[in-house]
Amino acid sequence: MNETEFRAYAATEGFDTPENRTQPPGKFFDTHAHERDLIVLITEGQFTVAYDDHTDVFGPGDMCQVAPGIVHTDEAGPNGVNYVLAWR
């Protein structure tokens with residue numbers, strides 16, 4: 001998926017306006033959960049999302065969705081990560 005497709009999907013599915021974000025290499029977000037539904041498109045680099053029972057690694061063109069209340073950690077890859085996210 002590219003950013004144009006992601007933005008169209010977000011609008012169609014009722015998500016807020018997508019935001020571009022950047023995280024430095026190895027940036028770690030400790031255990032947390034969100035109150036809202038989240039979608040993320042990786043545009044450059046790598047992002048790892050670890051749940052209680054499995055870990056997913058996302059790269060450019062990959063989209064991740066995290067439902068409200070799902071406990072997880074996030075970590076930017078060794079070269080950092082650029083991504084677009086949207087909340088609903």
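This is a predicted model: local features need pLDDT of at least 70, side-chain atom pairs count only at pLDDT 80 or more; totals for chains, interfaces and linings use all residues.
Visitor: Which residue follows H1, and what about its phi?
Guide: Gly14 follows H1, and the phi of Gly14 is positive, near 85 degrees. Helices here are DSSP runs of H or I with at least four residues, strands are runs of E with at least two, and both are numbered from the N terminus.

Visitor: New topic. How much space lies in the largest pocket?
Guide: About 190 Å³. A 1 Å grid is laid over the protein atoms alone; a pocket is an open set of points with protein on both sides within 12 Å along at least five of seven lines, whereas a cavity is a set where a 1.4 Å probe fits but cannot get out. Lining residues have an atom within 4 Å of a point. Points are joined across faces, edges and corners, and the volume is the space filled by probe spheres set on them.

Visitor: How do the lining residues divide into nonpolar, polar and charged?
Guide: Ten are nonpolar, four polar and two charged. Ala, Val, Leu, Ile, Met, Phe, Trp, Tyr, Cys and Pro count as nonpolar; Asp, Glu, Lys and Arg as charged; the others, Gly among them, as polar.

Visitor: Aromatics next. How many aromatic pairs does a search of the whole structure find?
Guide: One. The rings of Phe47 and Tyr83 have centres 5.4 Å apart and planes at 25 degrees, so they are stacked. Rings of Phe, Tyr and Trp (its six-membered ring) pair if their centres lie within 6.5 Å; planes under 30 degrees apart are stacked, over 60 edge-to-face, and the rest tilted.

Visitor: Which strands do Phe47 and Tyr83 lie in?
Guide: Phe47 lies in E3 and Tyr83 in E6, so the pair ties together parts 36 residues apart in sequence.

Visitor: Are Phe47 and Tyr83 buried or exposed?
Guide: Both are buried. The scale is relative accessible area: buried is under 20%, exposed is over 50%, and partly exposed is in between (1.4 Å probe, protein chains only).

Visitor: Which side chain has a polar contact with Gln23?
Guide: Tyr83, at 3.1 Å. A polar contact is a pair of N or O atoms within 3.5 Å; within protein, one must be able to donate a hydrogen and the other to accept it, and residues adjacent in sequence count only if both atoms are side-chain atoms. Gln23 is in E1 and is buried at 14%.

Visitor: Where is Asp37 found?
Guide: In the loop between E2 and E3. Asp37 counts as buried, at 10% relative accessibility. The Asp37 side chain has a polar contact of 2.9 Å with that of Gln65 and one of 2.7 Å with that of Arg88.

Visitor: Then Arg88. Where does Arg88 lie?
Guide: In the segment after E6. Arg88 is partly exposed, at 37%. A polar atom of its side chain is 2.7 Å from the backbone oxygen of Glu13. Leaving aside neighbours within four places in sequence, Arg88 is in contact (heavy atoms within 4.5 Å) with Glu13, Gly14, Phe15, Arg36, Asp37 and Gln65.

Visitor: Last one. What does Ile70 touch?
Guide: Setting aside residues up to four places away in sequence, Ile70 touches His32, Ala33 and Tyr51. Ile70 sits in the loop between E5 and E6, partly exposed at 35%. Ala33 is in the loop between E2 and E3 and is partly exposed too, at 40%.

Notes:
Residues are numbered from 1 along each chain as its sequence is written. Side-chain values use heavy atoms; hydrogens and water are left out.
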